[in-house]
2 protein chains.
Amino acid sequence: MPKRVDHEQRRRQIGEALLRIASTRGLQSATMREVAAEAGVSLRLVQYYFHTKEQLLLAALAYLGEQLTERVSASIRALGPVTARTVVYGTLTAALPTDEESVRLTRAYTGFYTLVFSEPEMAERHGAVYPDKLESLLAKHIAAAQEAGEVAGDVDPKLTAAALLALTNGLGSSVLGGQRNGAAALRILEDQLGRLFRPLD
Amino acid sequence: MPKRVDHEQRRRQIGEALLRIASTRGLQSATMREVAAEAGVSLRLVQYYFHTKEQLLLAALAYLGEQLTERVSASIRALGPVTARTVVYGTLTAALPTDEESVRLTRAYTGFYTLVFSEPEMAERHGAVYPDKLESLLAKHIAAAQEAGEVAGDVDPKLTAAALLALTNGLGSSVLGGQRNGAAALRILEDQLGRLFRPLD
DNA sequence: CGTTTAGTGATACGAGCGTATCATCAAGCG
DNA sequence: CGCTTGATGATACGCTCGTATCACTAAACG
């Protein structure tokens, strides 16, 4: 047999190629042949490592998820000590397409999200769209900030967490749609966060 | 020549068929053949009234726009006297997929919105994505409510209008994505609106 | 009345898609 | 060494898509 190549590395190489296409030309342009060309391999190789296109999409989605959580935790870390406030800020601002990397991630993520709209079966065959977890995490931290007196007592942590997440999603869409740039979106988000959290003394 | 049929009515019939498909099976399922079948006409007829698919999509988008603005103004009217508050409430809640009709409209609208992501040229060939107008309209009404003392003085009308619109979009996506139902989304939106507007005495 | 022509049907074309088939190549093992 | 088998290349199949072609029908008009 030839070279005895590292399968996981090859799969990653191909999966990343798909993500690159998804974040530039859109996920619907990520055909098997395009992915092969982008990864610099033959069509046959893509088929060899992913028997079907769905498997390829699923693997790429997993890679995307890794990069996403990576970015979120890096963003939180960059804000200094881990407090309720920094977790909320870091999580939401990381999800906004403000720099080149986040535009890439958001574009790819949106591609998968809209794919699920049209092929719900694919989502059913594999559980766990995880925004729910994010939402309860945010709610927890908002409640903590509330008890620490950093957030007004009459806010509902769960409703507010959901609103912030939906707001961030909507802002991301508007940036991707060219309605405004990342900086403007960030200003809008920070305005809302600023009136949720009491100013730091 | 045969029957001398009303062109505008035929075009509408076909355009509505496309919208029906877009709001059930998704816009990517709206092929020329599917639209023809849904409208109960032959493929040739669809080609006859819309020389190209792009023309068909554009016409359907126009019909959708009509229905959307119709629904928004109906929603405002239903809230009683036209005040800044009712305009903001009516506009935003009308855009939320809470009942069958709004689910249909939102689904179709989302389909077109994501289509623009992948074919930006089509959007360029025809101006006017109108969320900007909506945003400045909301900002105007928020500023008016502010002068009337119904909204706190330190809110920025433009930033807040943008945030409310993005929030509504994000909530809509979450409903369409099955993350929550329309009632829950409405609760979240009303919570935010309730803390923007001072309670009515 | 006969010719023009708006409207309609049947069918074909070329391209792109996911997937399948078949042959080939080279490294490892007995 | 020779056979097995993991990895790869070339190419084809069947389908669906948007669009194009060609013929036909029947109402309108001089």
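A residue counts as buried under 20% relative accessible area and as exposed over 50%, with partly exposed in between. In this predicted model, A:Y113 has a relative accessibility of 24% and therefore counts as partly exposed; A:F117, at 28%, is likewise placed in the partly exposed class.

## Aromatic pairs across the structure

Over all chains, a search of the whole structure finds 8 aromatic pairs. Among them is the pair of A:Y89 and A:F197, whose ring centres are 6.0 Å apart and whose planes meet at 45 degrees, so that this pair is tilted. Because A:Y89 lies in helix α5 (residues 84–94) and A:F197 in the segment after α10 (182–196) of chain A, the pair ties together parts that are 108 residues apart in sequence. Both A:Y89 and A:F197 are buried.

## Annotated regions of chain A

An unreviewed UniProt entry carries the annotation "domain: HTH tetR-type" for residues 8–68 of chain A. In the model this span is 75% helix and 0% strand, and its end C-alpha atoms lie 20 Å apart.

The annotation "DNA-binding region", also from an unreviewed UniProt entry, covers residues 31–50 of chain A. Over residues 31–50 the chain is 75% helix and 0% strand, with the end C-alpha atoms 13 Å apart.

Note on methods:
Residues numbered from 1 in each chain as written. Chains lettered and ligands numbered in written order. Predicted model: local features only at pLDDT ≥ 70, side-chain atom pairs only at ≥ 80, totals over all residues. Heavy atoms only, no water. UniProt positions renumbered as here; feature names shortened; annotations may be inferred. Helix = DSSP H or I, 4+ residues; strand = E, 2+ residues; numbered from the N terminus. Phe/Tyr/Trp six-rings, centres within 6.5 Å; stacked < 30°, edge-to-face > 60°. Buried < 20%, exposed > 50% of the residue type's maximum accessible area, 1.4 Å probe, protein only.
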